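I opened my notebook to get to know a structure that was new to me. Here it is, before my entries.

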Amino acid sequence: MADNEAFTYNGGKVEPGETQDIRYGISETYLGDPVRIPVTIINGERPGPTVFLSAAAHGDELNGIEVVREVAYEWDLADLAGTLVCMPVMNVPAFLAQQRYLPIYDRDLNRSFPGSETSTGAKRMAHRIYQNFIAPCDLGIDFHTSTRGRTNMLHVRADMSDPAVARLANAFGSHVIIDSSGSDGMLRTEASNRGTPAITVEMGEAHRFQRELIDEALAGVESVFAEYGLRETSTVNWPGWRTVISDENEKTWLRADAGGIVDMHHERGALVHRGDRICTITNPFKDDNVTVVAPFTGLLVGVLENPVVYPGNPLCHLVELKDNVRRVVEREQSASPESPV
């Protein structure tokens, strides 16, 4: 079998059998000091696909950081077939500020890909990341969490109309796949459109390491590695049941019609039936309660964590399940002594 090829980026090369930890410059501060992102490149001796794992495109989304770090630094990759490009913290300025967006003009790095050499600061950063570490890859997984004050059950977002993306999404082995092409400038959208199939994995809430979700995501990465032959010891995971949410009528954000303090009656991942009380919005005197009920039977993919709302604020993300899937979920949740996560 032929040896693997070297992985090259602007300023360096990683030969087969080598691992490099680099801090790659993508911008400069007001003082002219470099803004550098940590990148680990593991180049296996055997040929195989080149895969990127990225996290913290939003600086307060921490769960994915630990997923990428554990794959890069704790897994036995001695027999890796292919190349791994691991970027645990892409948005370093926002990570240092512990906020979602770039501190400079509050721009969203994950709406700036594939970037530009001559445009805004965010697009220049995105360009250097994309050209050096995304474009050379054959596929990739970008890890995210919900925004501050909300939490998501682990699920995949992918453009299932693209067969190469659908293969990757299915290989990850999550219960829920939300089928969407994504917005312009999203890493997964722009990479997939340019020949590097990519998915987004949503998991948990901002500003947290949530161990059970990290472990679940690591199992998904291992399943992807098995599907694409990166590790012979891995097996492709079948989650037991799966639903692909592809119709706009199958998902909805329930929003508050009144301001107040929210008492959420279900956790993320819970199955609720049509007419079930999802939450109650109260005022400080608890004398003018507003009950929010499920408009259809479905799964709570995302729920509010910060229990205060203005009118129009999102309360939960509800997705409808087909009857056969619903019956499986009902059996699972009725048999489990633990709350869904």
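**Ground rules.** I am working with a predicted model, where local features need pLDDT of at least 70, side-chain atom pairs count only at pLDDT 80 or more, and totals for chains, interfaces and linings use all residues. Residues are numbered from 1 along each chain as its sequence is written, and side-chain values use heavy atoms, with hydrogens and water left out.

**Domains.** I looked up how the protein is divided and found domain 1 (5-241) and domain 2 (250-333); such bounds come from an automatic or database domain assignment. Taken over C-alpha atoms, the centres of domain 1 and domain 2 are 31 Å apart.

**Where they touch.** I found 14 residues of domain 1 in contact with 18 residues of domain 2, contact meaning heavy atoms within 4.5 Å. About 1400 Å² is buried between domain 1 and domain 2, and carbon and sulfur atoms give 65% of that. Buried area here is the accessible area (1.4 Å probe) that two parts lose on being put together, summed over both.

How many salt bridges does the rule find across the interface of domain 1 and domain 2? It finds one. A salt bridge needs a side-chain nitrogen of Lys or Arg within 4 Å of a carboxyl oxygen of Asp or Glu. I also noted the side chains of R268 and E212, which meet in a salt bridge at 3.0 Å, N to O. The elements that give two or more residues to the side of domain 1 that touches domain 2 are strand 8 (150-158), strand 9 (176-179) and helix 6 (211-227). Strand 8 gives the most, with six residues. Helices (H or I, at least four residues) and strands (E, at least two) are DSSP runs, numbered from the N terminus.

**Helix 4.** Next I checked helix 4 (residues 163-172), where V165, A166, L168, A169, A171 and F172 are buried. Buried means under 20% relative accessible area, exposed over 50%, and partly exposed in between (1.4 Å probe, protein chains only). Among the elements covering those buried residues are strand 7 (139-144), helix 5 (187-193) and strand 10 (198-204). After helix 4 comes G173, whose phi is positive, near 80 degrees.

**Salt bridges.** Searching the whole structure gives 13 salt bridges. In one of them, the side chains of R100 and E61 meet at 2.8 Å, N to O. R100 sits in the loop between helix 2 (92-97) and helix 3 (121-134), while E61 is in the loop between strand 5 (46-55) and helix 1 (63-74), 39 residues apart. E61 counts as buried, at 1% relative accessibility.

I then looked at E70 and R211, whose side chains form a salt bridge of 2.7 Å, N to O. E70 lies in helix 1 and R211 in helix 6, so this pair ties together parts that are 141 residues apart in sequence. Is E70 buried or exposed? E70 is buried, with a relative accessible area of 8%, whereas R211 is partly exposed at 39%.

My last pair was R326 and D323, with the closest N and O atoms 3.6 Å apart. Both lie in helix 7 (residues 323-335), three residues apart, about one turn of the helix. D323 is partly exposed, with a relative accessible area of 48%.
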